[in-house]
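Visitor: I would like a close look at a single part of this model, and then at what lies around that part. Please take it slowly.

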Amino acid sequence: MLVEFDLIQKAQKGDASAFNEIVSAYRRRIMGTISHVIGRPEDVEDVAQEVFIRLYFSLGQLRTAEVFEPWLYRLTVNASYDYLRKSRRRIESRMADLSEQQVMMADAVAGSRAQHDDSEKRRVRDTVQELLSTVSEEDRILLTLKEVEGLSLKELEKIYDVNENALKVRLFRARQRVLKKMKEVTGPSSFNAKDEEAS
Amino acid sequence: MIFNKPMEQGKADEGRLDELFRAYRAACPAPEPGANFMPNIWARIEAREVSTNWFGRVAKTLVTAALAASMILGMMISSTNQSSAFFNATFVDALRADHASSLEPLHLDRISQFAPE
């Protein structure tokens, strides 16, 4: 754990500086997770702030130190899930619905992103985003936590509060769906290519 | 050898997917939090507290008003009931009042009058 339980207890009693310390300790990790889950760097900070606001209002319910991190991850998962649901609705809206200022801001964000990102990174991001779009938002988050964040099944078990077997089944199905899509998007594997060359 | 092909192909695809996930992790580094990260959090917390307090006050006022209205209605109903003698009587009392004569207890001496001679 990145902070002592004493600090959490102080924050529970309303100590603002203790809460600030907790946020400072976890913000990079939480922002990293959110970045992998939502795949949109410009919105990561906003979602991370939402996570810590939810933490602030529910801190009083925390009783033991062991559940703090899984619980913080659960808040992260829920906030990311809410974001993904909202953004799906947002995509459906037309650019014409945006104000001139919003269009300018969107252009500025896209421009700066294009400047900073090299094309390879962008290609990888777009490919994975496309693959993950074949599964539900819940499975997308679960798969990202397991495969990209590298969380263990035990950790996921604590976050989702379900047994390991149920998680394995869900992960397997989600992965199979992503694999199927990958074959469609990226074509035959290198194994196949070599095999065909040999024959 | 032919039987192993699909299995090996499956493994290769699994490997490619793992590689892609690793590349994705590298392509999505954790962005640095901006200078206004903490101030924005506190501003949003305060805004939410204000709206929560407002809803709380409205809910409290509504509950108080509902309680007062139900108490007034209760008092009105009870005062109306007290003024009417009809509502104070039980069902048996009302029956007795209507059929006082027919509900009179039987007297043995009167029965003897009806006895066959």
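Visitor: At roughly what angle do the axes of helix H1 (residues 5-12) of chain A and H2(A) cross, and within what distance do they come?

Guide: The model is a predicted one. In it, the axes of H1(A) and H2(A) cross at roughly 130°, and they come within 7 Å of each other. Angles over 145 degrees would count as roughly antiparallel, and 65 to 115 as roughly perpendicular; the pair H1(A) and H2(A) is therefore oblique. As for handedness, the crossing of H1(A) and H2(A) is left-handed. On the side of H1(A), the contact is made by Leu7(A), Ile8(A), Lys10(A) and Ala11(A). On the side of H2(A), the residues are Ala18(A), Phe19(A), Glu21(A) and Ile22(A). Sorted by kind, the residues of this contact are six nonpolar, no polar and two charged.

Next comes the chain around this pair. Chain A has 199 residues, of which 28% count as buried. Take the contacts in chain A between residues at least 6 apart in sequence: 64% of them join residues at least 24 apart.

Helix H2(A) also matters for the core. The largest nonpolar core has 46 residues. Helix H2 of chain A, residues 16-38, gives the largest share of this core, with 10 residues. Ile34(A), Val47(A), Ala48(A) and Val178(A) are the residues with the most contacts inside the core. Apart from its neighbours within four places in sequence, Ile34(A) is in contact with Val44(A), Val47(A), Ala48(A), Thr76(A) and Ser80(A).

Helix H6 (residues 119-132) and helix H9 (residues 164-186) of chain A pack at an angle of about 130°, and their axes are 9 Å apart. H6(A) and H9(A) are therefore oblique to each other. Their crossing is right-handed, whereas that of H1(A) and H2(A) is left-handed. From H6(A), the contact takes Thr127(A), Glu130(A), Leu131(A) and Leu132(A). From H9(A), it takes Val178(A), Lys181(A), Met182(A) and Val185(A). This contact of H6(A) with H9(A) has five nonpolar residues, one polar and two charged.

Asp161(A) lies in the loop between helix H8 (153-160) and H9 of chain A. Most residues other than glycine have a negative phi. Asp161(A) is not a glycine, yet its phi is positive, at about 60°. A residue is exposed if 12 or fewer other C-beta atoms lie within 10 Å of its own; Asp161(A) has 9 and is therefore exposed.

Last comes the second chain. The contact between the chains takes 31 residues from chain A and 24 residues from chain B. Helix H1 (5-27) and helix H2 (37-83) of chain B each supply at least two residues of the side of chain B that touches chain A. H1(B) gives the most to that side, with 12 residues. By kind, the residues on that side of chain B are 15 nonpolar, three polar and six charged.

Key: Residues numbered from 1 in each chain as written. Chains lettered and ligands numbered in written order. Predicted model: local features only at pLDDT ≥ 70, side-chain atom pairs only at ≥ 80, totals over all residues. Core = buried A, V, L, I, M, F, W, Y, C linked by C-beta atoms within 7 Å. Buried ≥ 20, exposed ≤ 12 C-beta atoms within 10 Å, placed from the backbone. Helix = DSSP H or I, 4+ residues; strand = E, 2+ residues; numbered from the N terminus. Contact = placed C-beta atoms within 7 Å. Nonpolar A, V, L, I, M, F, W, Y, C, P; charged D, E, K, R; others polar. Axes fitted to C-alpha atoms, helices over the stretch in contact; angles between N-to-C directions. Parallel < 35°, antiparallel > 145°, perpendicular 65-115°, else oblique. Left-handed = near helix turned anticlockwise from the far one by under 90°.
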